[in-house]
Amino acid sequence: MKKSIYNIESEYLALAESIEENGGEVNEEIQHALLINKEEMELKAAQYAFVVKDLLGDVDIIDTEIKRLSELKKVKNKIVDRLKSTVSEAMKLYGVEKISLPSLKIFFKEAKSVSILDESIIPDEYKKTEVVVSVKKADISAAIKEGKEVPGAILVSNDHIQFK
């Protein structure tokens, strides 16, 4: 019967308890059982160690694969960005706003963003204080859209190509 380390430990504790009950006397039978128990534990520990080594090897392989896939993801994202840019430039060159195919639509969608020209002159009401001071672009955008003038900021329109 195969024993786990837990079972081997339990047997060892039972042997230790019987030694204690015998006043600390170790007879030949208990001595033999202790030796077998220790040998079983060492063998089982060695088996566990081989499993741990195999698992650590797997972890190293997984880490390497994660790095490889991360690099591959970066490359794929760069290709996507480059292809989108190429299509966007070509569509703008030919004055094409939208391409509709049965399974694909390519179009420009206007996106507004706030461009901060001089952060130091933006009023405090449009700033939030953290460990680092940053400008609340969403509030500035809302204010500009409402017709307010925000010193140091303008609303900029950008075209972002969409693939759906």
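Author: Let us begin with strand pairing. In this predicted model, strand β1 (residues 98-101) and strand β2 (residues 104-116) run antiparallel and are joined by 4 bridges.

Reader: Which residues of β2 stand opposite Ser 100 and Lys 98?

Author: Ser 100 faces Lys 105 in β2, while Lys 98 has Phe 107 of β2 opposite to it.

Reader: How many residues lie between β1 and β2?

Author: There are 2 residues between β1 and β2, and the two strands form a hairpin.

Reader: Why does Asp 63 count as partly exposed?

Author: A residue is called partly exposed when its relative accessible area falls between the 20% limit for buried and the 50% limit for exposed. Asp 63 counts as partly exposed because its relative accessibility is 37%.

Reader: Which residues form the nonpolar patch on the surface?

Author: Val 75, Ile 79 and Leu 83 form that patch, and together they have about 250 Å² of accessible area. Val 75 is placed in helix α2. With a relative accessibility of 44%, Val 75 counts as partly exposed.

Reader: What is the distance between the closest N and O atoms of Lys 136 and Asp 139, and what is it for Glu 146 and Lys 148?

Author: In the salt bridge of Lys 136 with Asp 139, the closest N and O atoms are 3.4 Å apart. For the salt bridge between Glu 146 and Lys 148, the closest N and O atoms are 4.0 Å apart.

Reader: Is Glu 146 buried or exposed?

Author: Glu 146 is exposed, because its relative accessible area is 61%. Its partner in the salt bridge, Lys 148, counts as partly exposed at 46% relative accessibility. As for the other pair, Lys 136 is partly exposed at 23%, and Asp 139 is partly exposed at 35%.

Reader: Finally, how should I read separation along the chain against separation in space? Where is Lys 127 found, and how many residues separate Lys 127 from Ile 140 along the chain?

Author: Lys 127 lies in strand β3 (residues 127-128) and is buried, since its relative accessible area is 18%. Along the chain, 13 residues separate Lys 127 from Ile 140, and their C-alpha atoms are 9.1 Å apart. Pro 151, in the loop between α3 (137-145) and β5 (153-163), is 32 residues from Glu 119 in sequence and 9.0 Å from Glu 119 in space, C-alpha to C-alpha.

Reader: What are the two separations for Ser 134 and Gln 31?

Author: Ser 134 and Gln 31 are 103 residues apart in sequence, with 74 Å between their C-alpha atoms. Ser 134 itself sits in strand β4 (residues 134-135) and, at 24% relative accessibility, counts as partly exposed.

Terms used: Residues numbered from 1 in each chain as written. Predicted model: local features only at pLDDT ≥ 70, side-chain atom pairs only at ≥ 80, totals over all residues. Heavy atoms only, no water. Buried < 20%, exposed > 50% of the residue type's maximum accessible area, 1.4 Å probe, protein only. Pairing = 2+ DSSP bridges. Patch = residues over 30% accessible without salt bridge, like charges linked within 9 Å, V, L, I, M, F, W, Y side chains within 5 Å. Areas by Shrake-Rupley, 256 points an atom, 1.4 Å probe, with all protein chains shown as cover. Salt bridge = Lys/Arg side-chain N within 4 Å of Asp/Glu carboxyl O.
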